[in-house]
There are 2 protein chains.
Amino acid sequence: MKRLPKTFGCPVELSVQVLGGKWKPVILARLKDGPLRYGELRRLIPQISDKVLTERLADLQQAGLVERDADGGGGYGLSMRGASLRPVLQSLYDWGTAQAGEMGAVIRAGR
Amino acid sequence: MKRLPKTFGCPVELSVQVLGGKWKPVILARLKDGPLRYGELRRLIPQISDKVLTERLADLQQAGLVERDADGGGGYGLSMRGASLRPVLQSLYDWGTAQAGEMGAVIRAGR
């Protein structure tokens, strides 16, 4: 597991550093309901390029949040540590859902 | 309120776009417990520059998440919409707190 021997001003700063960036929370949220193969992730997040998806999956594995699926299927799934993010991912999902209408944003039907 | 007439692949993408960046969730988390004056925010988040704190507070006001304190104190506080982020901010706080020890990170005593 990657260590961050660093001082943070508050716990939220640490969380944001680990989760930071545009795509990591989106990828993790997709894996929240179960492991997915690379091609499935690619299809569910079509705006992400292959290069960026590959890089972010490597980042997430290095951070100990995502593991290759152990059953030999070759997919990606949340590690135990990644699973501890469920409350964060769920609250981001719920807030986005509630705000979409209010903000005039459209969420494409997914999954 | 700023509108995002845009299509998102999932609700988490919308949330990340609104909250995105290193400092917005940190500022919002500091305001979660009540309004603060600019100087108090500055002291609680010493790593942020004046330029960036001023810009992020403007962004957060434009997004309708933060309001100037109505009691004339001149501070900043969460709007109703900002307050709807409490579950997100709390889950980020809780996860950061739980992970700090495991990751060898130190959270400075604050507030």
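**Close-up views of a two-chain predicted model**

**View 1. A salt bridge between neighbours in chain B.** B:Asp33 pairs with B:Lys32 in a salt bridge, their closest N and O atoms lying 3.7 Å apart; the term stands for a side-chain nitrogen of Lys or Arg within 4 Å of a carboxyl oxygen of Asp or Glu. B:Asp33 is exposed, at a relative accessible area of 58%, whereas B:Lys32 is buried, at 10%. Here buried means under 20% relative accessible area, exposed over 50%, and partly exposed in between, with a 1.4 Å probe and protein chains only.

Some notes on the model before we go on: it is predicted, so local features need pLDDT of at least 70 and side-chain atom pairs count only at pLDDT 80 or more, while totals for chains, interfaces and linings use all residues. Residues are numbered from 1 along each chain as its sequence is written, chains are lettered from A and ligands numbered from 1 in the order in which they are written, and side-chain values use heavy atoms, leaving out hydrogens and water.

View 2. B:Lys51 and B:Glu55 form a salt bridge with closest N and O atoms 2.9 Å apart. They sit four residues apart in helix H4 (residues 50–62) of chain B, so about one helical turn separates them. (Helices are DSSP runs of H or I with at least four residues, strands are runs of E with at least two, and both are numbered from the N terminus.) B:Lys51 is exposed at 58%, and B:Glu55 is partly exposed at 31%. In chain A, salt bridges with shared partners link A:Lys51, A:Glu55, A:Arg56 and A:Asp59 into one network. Back in chain B, B:Arg42 and B:Asp50 also form a salt bridge, with closest N and O atoms 2.9 Å apart.

**View 3. The loop residue B:Ser79.** B:Ser79 lies between strand S3 (76–78) and helix H5 (80–83) of chain B. This serine, B:Ser79, is buried, with a relative accessible area of 5%. Beyond its neighbours within four places in sequence, B:Ser79 is in contact (heavy atoms within 4.5 Å) with B:Gly64, B:Leu65, B:Val66 and B:Glu67.

**View 4. Where chain A meets chain B.** The contacts join 47 residues of chain A to 47 residues of chain B. About 4400 Å² is buried between the chains, 66% of it from carbon and sulfur atoms; this is the accessible area (1.4 Å probe) that the two parts lose on being put together, summed over both.
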